[in-house]
Amino acid sequence: MMRFTAVALATTCLAFASPAMAQDLVHQPISPTFGGNPFNSNHILGIANAQNDTSDPDAVDRNNQSSIFARQLESRLLSALSSQIVDAIFGDNPQEQGTISFGGQTIEFFRSLDDVTLIIRNDDSGEETRIVIPLFIEVN
């Protein structure tokens, strides 16, 4: 009897068996770095930043009171200094040329007939920025 059940089960399985159908597996990467959808980049970056719990041990806490005060004081001093420089170049008694040095920077200015040339030089690296400001001549 057991043999009959096994044969009947095998015959039933073979009778209902059909050819297996499948399709190709296609891998689509999620990360835009590897060819995935470029609209996923902000989402993936947000997830990575949310999971990143490391911090720079040398980072300065920029939200404490002394740090905020130092930034505001520095901003006010630089603003006052820039006002003095603008006065020296364009004020009531403008100078023809001059040099101002502060905080590792040197600012030179030269006045010609139709423009003022500012040269801002970083004393440490020697990097130089030139700004040419045209002068407008008033006709009476």
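pLDDT is the predictor's confidence in each residue, from 0 to 100. Where it is low, the predicted coordinates should not be read in detail. The chain averages 82, and 86% of the residues score at least 70.

Some housekeeping. This is a predicted model, where local features need pLDDT of at least 70 and side-chain atom pairs count only at 80 or more, while totals for chains, interfaces and linings use all residues. Residues are numbered from 1 along each chain as its sequence is written, and side-chain values use heavy atoms, with hydrogens and water left out. Helices (H or I, at least four residues) and strands (E, at least two) are DSSP runs, numbered from the N terminus.

Now the hairpin. Strands E1 (97–102) and E2 (105–111) pair antiparallel over six bridges; pairing takes at least two DSSP bridges. Thr99 has Glu108 in E2 as its bridge partner. Two residues sit between the strands, and Gly103 in the turn has a positive phi of about 50°.

Next, the largest nonpolar core: seven residues, namely Ile85, Ala88, Ile89, Ile107, Phe109, Val116 and Leu118. That term means buried Ala, Val, Leu, Ile, Met, Phe, Trp, Tyr and Cys joined through side-chain atoms within 4.5 Å, and buried means under 20% relative accessible area (1.4 Å probe, protein chains only). H3 gives the most to this core, three residues.

Last, Ser67, in helix H3 (65–90). Why is Ser67 counted as buried? Because its relative accessibility is 14%.

Definitions and conventions: Buried < 20%, exposed > 50% of the residue type's maximum accessible area, 1.4 Å probe, protein only.
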